[in-house]
Amino acid sequence: MSTPLEQWVESTARITRPAQIQWCDGSEGEATRIEDQLIREGRTFPLNDKTYPNCILHRSDPSDVARTEKVTYICTRNREDAGPTNNWIAPAEAKQTMGALFDGSMKGRTMYVVPYILGPAASPQSRVGVEVTDSAYVVASMRIMSRMGKVALDRLGSSSDFVPGLHSLGDLSPERRLIAHFQEEKLIWSIGSGYGGNALLGKKCFALRIASWMAREQGWMAEHMLILGLESPSGKVTYMAAAFPSACGKTNLCMMVSALENEGYRVWTIGDDIAWMQVGSDGYLHAINPESGFFGVAPGTNEKTNSNVMAAVRKNSIFTNVAMTAQREPWWEGMSENVPSGMLDWQGRAWSPSNGPAAQPNSRYTVPAVQAPSISPRWDDPAGVPISAFIFGGRRARLAPLVYEAMNWQHGVYVAATMASETTAAITGAVGVPRRDPMAMLPFCGYNMGDYFRHWLEMGKKIPHPPKIFHVNWFRKGADGKFLWPDMATTLAS
Ligand code: SAT
Ligand code: MN
């Protein structure tokens with residue numbers, strides 16, 4: 001008798017018709033074979049073996065460099081349940097349109113089956129997902145970003161309790177790119193993009209859009225938040241979670257080197273993007289990081305803005321859409337003051353300033369979390385860490401004050417629900433336009449935003465020791481056009 005997973009994989013293969021199916025076990029040997037495959041495909045290059053061992057540089061299709069919110073859909077039976085902030089199509093219609101695109105989309109290609117766990121392998125808060133994909137880049141990335149392979153199959157056994165995600169590169173045409181979430185079925189379909197949040201289905205699709213729906217059903221929270229611990233000179237660590245829109249400095253904040261390090265203050269990293277939280281037996285909200293790697297924005301990252309990540313990316317990392325120096329090392333704007341000569345830009349052309357930036361503005365590094373020198377000893381704790389404070393913020397050149405504290409949970413929900421930020425290169429479209437982004441969840445809330453606010457208010461009643469809630473704005477500028485909080489702004493805004 002075949003398991004629910006085997007049945008789903010077979011039914012998927014009947015539609016996409018791959019030449020072969022490969023079940024991923026997460027082993028080293030498999031990682032090497034995937035890397036060889038990527039290099040054969042011609043868009044991926046091994047980096048300098050001495051200075052960046054086991055690192056690769058990948059160039060995505062130039063039309064496929066960021067999340068595409070316009071073609072991202074929440075497919076609930078009732079339109080109301082997706083709410084006014086999400087794109088919606090009826091599930092049957094989405095399946096028909098996308099079914100035609102998936103029909104034979106893997107012909108002549110390998111279909112990889114990627115089982116993964118979101119969260120510590122031993123945590124009751126963790127969940128299993130399985131992504132089926134025809135992209136070797138996705139496999140290599142999922143291996144870093146999640147607990148992938150045998151560990152996940154062992155946890156799943158013959159159970160049907162997993163979130164299936166079907167992904168195909170299709171023809172990579174923006175006109176035939178669609179990302180759909182079937183919330184009632186807890187199923188993800190994505191076609192036409194190989195990039196980050198569009199294609200690594202464990203990330204925004206499952207860990208936020210599907211998980212936020214599950215969390216409301218089951219009484220927990222899935223949020224677009226970093227998690228950090230701040231250690232005081234006495235050795236006490238206070239854990240906090242912070243929500244900022246994409247490319248506002250979450251990764252740099254959670255790996256920050258404290259200016260007060262000499263006085264005994266230290267920042268410990270638990271997560272840089274997503275927090276899953278539930279009320280613990282001690283009455284505190286406990287957070288786990290569902291991911292196991294960081295997919296961070298490269299430009300602006302340097303020894304000053306994030307020395308921890310600069311150390312971390314020196315091995316076993318993937319660089320996407322950055323430039324390559326003559327020494328086969330990665331380079332991006334802001335990495336060093338002097339611009340190396342003889343570089344290839346992110347599209348593989350001999351770099352010249354007239355072609356624009358050497359690295360694409362949304363170019364990324366993908367690095368295992370354990371490689372960060374700042375990684376918290378509790379980052380993989382099955383019980384998570386107790387959260388004492390929430391911090392919300394965005395990019396606001398004007399108006400929003402530098403920092404203030406909400407009076408209570410309800411007021412904090414209001415503050416977070418009304419937050420805004422200027423748009424960045426992380427999404428396709430205009431950059432620098434202020435938009436409302438409640439809880440930094442606008443692109444990631446998998447249901448009606450009104451119901452989401454209600455869920456927040458309900459959660460407040462269930463947490464005996466709720467986190468204090470703060471709003472910050474490192475990006476406020478004065479009349480002279482200069483940042484009012486320069487150290488934070490240049491570290492986190494770059
Ligand atoms: O492309 S991702 O969604 O993974 C990164 C981001 O936009 O935050
Ligand atoms: Mn994010």
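Reply: Leu-399 lies in the loop between strand 22 (385–393) and strand 23 (403–405); helices (H or I, at least four residues) and strands (E, at least two) are DSSP runs, numbered from the N terminus. Before going on, please keep in mind that this is a predicted model, where local features need pLDDT of at least 70 and side-chain atom pairs count only at pLDDT 80 or more, while totals for chains, interfaces and linings use all residues. Residues are numbered from 1 along each chain as its sequence is written, chains are lettered from A and ligands numbered from 1 in the order in which they are written, and side-chain values use heavy atoms, leaving out hydrogens and water.

Back to Leu-399: its phi is near 75 degrees, a positive value in a residue other than glycine. The relative accessible area of Leu-399 is 68%, so it is exposed (buried is under 20%, exposed over 50% and partly exposed in between, with a 1.4 Å probe and protein chains only).

Now let your eye move to Arg-328, in the loop between strand 19 (323–324) and strand 20 (330–331). Arg-328 is not a glycine either, although its phi is positive, about 60 degrees. With 36% relative accessibility, Arg-328 counts as partly exposed.

Next comes a leucine that is buried: Leu-200 has a relative accessible area of 2%. Look for Leu-200 in the loop between helix 7 (196–199) and helix 8. Leaving aside neighbours within four places in sequence, Leu-200 is in contact (heavy atoms within 4.5 Å) with Glu-131, Val-138, Ser-141 and Met-142. Leu-200 and Val-139 are 61 residues apart along the chain, yet 8.6 Å separates their C-alpha atoms.

Val-139 also takes part in a helix pairing. Helix 2 (residues 28–41) packs against helix 5 (residues 136–145) at an angle of about 145 degrees, and their axes are 9 Å apart. (Axes are lines fitted to C-alpha atoms, for helices over the stretch in contact; angles run from 0 to 180 degrees between N-to-C directions.) From helix 5, Ala-136, Tyr-137, Val-139, Ala-140 and Arg-143 meet Glu-28, Ala-31, Ile-34, Gln-37, Leu-38 and Glu-41 of helix 2.

Lys-204 belongs to helix 8 (residues 202–218), and His-224, 20 residues apart from it, sits in the loop between strand 11 (221–223) and strand 12 (225–231), a pair that links distant parts of the chain. Lys-204 is buried at a relative accessible area of 5%, and His-224 is buried too, at 0%.
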